[in-house]
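The following note sets out numbered comments on the model shown below. Please read them alongside the sequence and the coordinates.

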Amino acid sequence: SCETGATTTPATVTPDGTITGGSGKIELTNKLQNPKFVLDIIKKDAEKDKNGEDVPLGGVEFKLEKLKAETTAGGEPQVDTTYKFSSNENKNYLTGTTGADGKITNVFANLEPGRYRLTETKAHPGYNLLAQPIKIKFTQGGKCYIDGQLIPDKELTQSDNTYTMTLTVLNRKTPELPHTGADAPSLWLLIGMPLAVAGLLIFTFRYNRKGGRRH
């Protein structure tokens, strides 16, 4: 936006941006606008189905929290509990759930430059939760980092001063544990061995006591 100070005579601006006429002092002030970011999420299986098609995962819940500014002390970044998201009734986190198509139904919008932590809080049935949260960083220059890796500009969609990052999160099914007939005998063997050792100790203790009474 531009702000002009008072002039003694009117001044005009030509189409090429040149100010002509007028006298006195003219002040022009440009205010830098912070970029806004949108985080969209797609959740699907890391493996395709037998037809080579993607397998979307619905009902997966995510939580987004803002982290404190970087410090020189190092260590794990902490959640900024004082920060409030205006799009979530001024709470210090945002939540979203994927639909049947694997896409999050309420994208995380109107995000400011800074660092964030994305945590999967509910997995699709038959799948494990993500082992670690995903760390995201948005910069004043419109850049995005995922777990410290710079995302190419072509992966972000820009509209005016808003940048949209679509993050695809993959997961694999939880492997099923084999059920064999050897499980139960092995368990009883593990239980029986300590009992056998305990019985041997009791027998030895009693034998020594009887032996001692003979003298």
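1. Gln158 stands opposite Tyr163 in β12. Strands β11 and β12 (residues 162-171) run antiparallel and are joined by 4 bridges. Strands here are DSSP runs of E of at least two residues, numbered from the N terminus, and two strands pair if DSSP finds at least two bridges between them.

2. On the basis of the note: this is a predicted model, in which local features need pLDDT of at least 70 and side-chain atom pairs count only at pLDDT 80 or more, while totals for chains, interfaces and linings use all residues. Residues are numbered from 1 along each chain as its sequence is written, and side-chain values use heavy atoms, with hydrogens and water left out.

3. The β11-β12 pair belongs to an open sheet of 4 strands, ordered β6-β3-β12-β11, with mixed pairing. Its edge strands, β6 (108-111) and β11 (156-159), each pair on one side only. From one strand to the next the twist averages 20° (axes are lines fitted to C-alpha atoms, and angles run from 0 to 180 degrees between N-to-C directions).

4. A further open sheet has 6 strands in the order β5-β4-β7-β8-β9-β10, and its pairing is antiparallel. β5 (94-97) and β10 (149-150) stand at the edges with a single partner strand each, so one side of each is left without a neighbour in the sheet. Between β4 (residues 61-66) and β5 there are 4 bridges, and Leu64 has Leu94 as its bridge partner in β5.

5. The largest nonpolar core has 27 residues, and Leu39, Phe108, Leu111, Leu118 and Ile136 have the most contacts inside it. Such a core is a set of buried Ala, Val, Leu, Ile, Met, Phe, Trp, Tyr and Cys residues joined through side-chain atoms within 4.5 Å; buried means under 20% relative accessible area, exposed over 50%, and partly exposed in between (1.4 Å probe, protein chains only). At least two core residues come from each of β3 (36-45), β4, β6, β7, β8 (134-138), β9 (144-146) and β12. β12 gives the largest share, 4 residues. Neighbours within four places in sequence aside, Leu39 is in contact (heavy atoms within 4.5 Å) with Leu64, Val107, Phe108, Leu111, Ile136, Met165 and Leu167.

6. Arg115 lies in strand β7 (residues 114-122). A polar atom of the Arg115 side chain lies 2.9 Å from the backbone oxygen of Lys68. Beyond four places in sequence, the residues that Arg115 touches include Glu65, Pro77 and Ile136.

7. The structure holds 7 salt bridges, each a side-chain nitrogen of Lys or Arg within 4 Å of a carboxyl oxygen of Asp or Glu. In one of them, the side chains of Glu120 and Lys43 meet at 2.8 Å, N to O. Glu120 is in β7 and Lys43 in β3, so this pair ties together parts that are 77 residues apart in sequence. Glu120 is buried at 5% relative accessibility, and Lys43 is buried at 1%.

8. Lys143 and Asp153 also form a salt bridge (2.8 Å, N to O), with Lys143 in the loop between β8 and β9 and Asp153 in the loop between β10 and β11. Lys143 is partly exposed at 30%, as is Asp153 at 47%.

9. Gly126 is located in the loop between β7 and β8 and is partly exposed, with a relative accessible area of 48%. Gly126 is in contact with Lys173 and Thr174, leaving aside neighbours within four places in sequence.

Technical notes
Polar contact = N/O pair within 3.5 Å; in protein donor to acceptor, adjacent residues only side chain to side chain.
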